[in-house]
Amino acid sequence: MNAPKPLLTALREARHVVAFTGAGVSAESGLSTFRDAMTGLWSRFDPTRLATAEAFAANPELVWGWYEWRRMRVRHAEPNAAHRAIAALEAKVPATTLITQNVDDLHERAGSRSPIRLHGSLFAPRCFDCGSAHGALADPPGDFEDGSPLAPPRCAACGGFIRPGVVWFGEALPAEPMRCAFEAARACDVLLSIGTSGAVYPAADIPREARRNGAVIVEVNPNATDLDDVADFRLRGPAAEILPTLLAAAF
Ligand code: BJW
Ligand code: ZN
């Protein structure tokens, strides 16, 4: 990839950079995205129909089993060159803010300091009824098969079911991360939108807010997205190839 010169200049002159990431940044670590084709046992399920409080209330074992399967996949995945390039960018440009929609921990494992998490984490379970935080999860039993239903643990405080600490459809995003994310969007000179379809709101408003405030928007994605219209530069390709090349050329 030959990065356009004006893009390299914008990156070099930027005082504040935002990296805004979605599931595509973890695709090359072997983790499934949401809106690309799903494979395997769970291909017959629509993830959006598992990612709601109503789905959990109706069938906690089904939803908990799906999230435990995903948590296990993340535990066995490794950060890729895109996660590492973002961590290296934080080292080069201290005023870099990483905002992620992802619920995996690959940014942290690549060395990113403290990503702003908009959609929670697979590793922060809490009570469905009273909200109490639950401790670290034990691995599922040895006979747990990928995708099979699994009874959620019970809350030590009230006996309610423990749920995944993620943000489901219809739920509010966490207030403080949202405030910090929009503040960074308004302050940045360059926003890199990496591996996201831009289909889910309010997160997808972050690049739009940055654009309205004069930032240069750079999209890194092999495919067209709902954010194409706000991007000044559209770099088509896998993040693990494009990002290291781009950042090495810029810095
Ligand atoms: C690569 C690659 C490679 C592949 N390299 N790239 C305004 C308009 C319309 C609807 C709404 C609206 N505002 C709110 C809504 C409703 C709803 C919503 O947005 N619906 C839309 C789908 C229409 N939003 C909500 O419900 C939100 N809550 C809310 O609005 O609350 C209001 C409220 C206020 C006050 C009180 C109460 C309520 C919550 C949204 C929560 C989203 N949660 C999920 C699940 C998290 C848990 C889990 O992981 O299971 O978050 S949904 C899912 O989508 C997940 C992701 O973070 C999110 C974004 O997906 P992402 O990351 O973009 O993935 P994909 O698959 O879409 O895209 C992957 C991209 O990667 C693709 O472009 C590929 O091309 C690319 N790619 N390989 C680089 N190698
Ligand atoms: Zn409880």
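Biologist: What should I know before we start?

Modeller: It's a predicted model, where local features need pLDDT of at least 70 and side-chain atom pairs count only at pLDDT 80 or more, while totals for chains, interfaces and linings use all residues. Residues are numbered from 1 along each chain as its sequence is written, chains are lettered from A and ligands numbered from 1 in the order in which they are written, and side-chain values use heavy atoms, with hydrogens and water left out.

Biologist: How many aromatic pairs does a search of the whole structure find?

Modeller: Five. Rings of Phe, Tyr and Trp (its six-membered ring) pair if their centres lie within 6.5 Å; planes under 30 degrees apart count as stacked, over 60 as edge-to-face and the rest as tilted.

Biologist: Why is the pair of Phe56 and Phe161 called edge-to-face?

Modeller: The ring centres of Phe56 and Phe161 are 6.4 Å apart and the planes are at 85°, so edge-to-face it is. This pair links distant parts of the chain, 105 residues apart: Phe56 is in helix H3 (residues 53-58), and Phe161 is in the loop between strand S4 (126-127) and strand S5 (162-163). Helices (H or I, at least four residues) and strands (E, at least two) are DSSP runs, numbered from the N terminus.

Biologist: And what makes the pair of Phe56 and Trp168 tilted?

Modeller: For Phe56 and Trp168 the planes are at 35° and the centres 5.6 Å apart, so that pair is tilted. Again distant parts of the chain are linked: Trp168 is in the loop between S5 and helix H7 (175-187), 112 residues apart from Phe56 in helix H3.

Biologist: Which residues form one aromatic cluster?

Modeller: Phe56, Trp66, Tyr67, Phe128, Phe161 and Trp168 do.

Biologist: Why is Phe56 called buried, and why is Phe161 called partly exposed?

Modeller: Buried means under 20% relative accessible area, exposed over 50%, and partly exposed in between (1.4 Å probe, protein chains only). Phe56 has 1%, so it's buried; Phe161 has 22%, so it's partly exposed. Trp168 is buried too, as is Phe56.

Biologist: What makes Ser26, Phe233, Val74 and Val218 count as buried?

Modeller: Relative accessibility again. Ser26 has 1%, so it counts as buried. Phe233 has 17%, so it goes in the buried class. Val74 has 4%, so it's buried, and Val218 has 0%, so that one is buried as well. As for where they are, Ser26 is in the loop between strand S1 (17-21) and helix H2 (47-50), Phe233 is in strand S8 (residues 233-235), Val74 is in helix H4 (residues 60-75) and Val218 is in strand S7.

Biologist: Why is Asn213 called partly exposed?

Modeller: The relative accessible area of Asn213 is 39%, so partly exposed is the label. You'll find Asn213 in the loop between H8 and strand S7 (216-220).

Biologist: How do you know that a charge sits over the ring of Trp168?

Modeller: The test is that NZ of Lys or CZ of Arg is within 6 Å of the ring centre and within 35 degrees of the ring normal. The charged end of Arg163 sits over the ring of Trp168, 3.9 Å from its centre. Arg154 likewise lies over the face of Phe161, at 4.0 Å from the ring centre.

Biologist: What makes Ser26 and Asp104 a polar contact?

Modeller: A polar contact is a pair of N or O atoms within 3.5 Å; within protein, one must be able to donate a hydrogen and the other to accept it, and residues adjacent in sequence count only if both atoms are side-chain atoms. The side chains of Ser26 and Asp104 are joined at 2.7 Å.

Biologist: Which atoms of ligand 1 lie 2.7 Å from Arg70 and 2.8 Å from Glu171?

Modeller: An oxygen atom of ligand 1 lies 2.7 Å from a polar side-chain atom of Arg70, and a nitrogen atom is 2.8 Å from a polar backbone atom of Glu171.

Biologist: Where is the cis peptide bond?

Modeller: Between Tyr201 and Pro202, with omega about 5°. Pro202 lies in the loop between strand S6 (190-194) and helix H8 (205-212).
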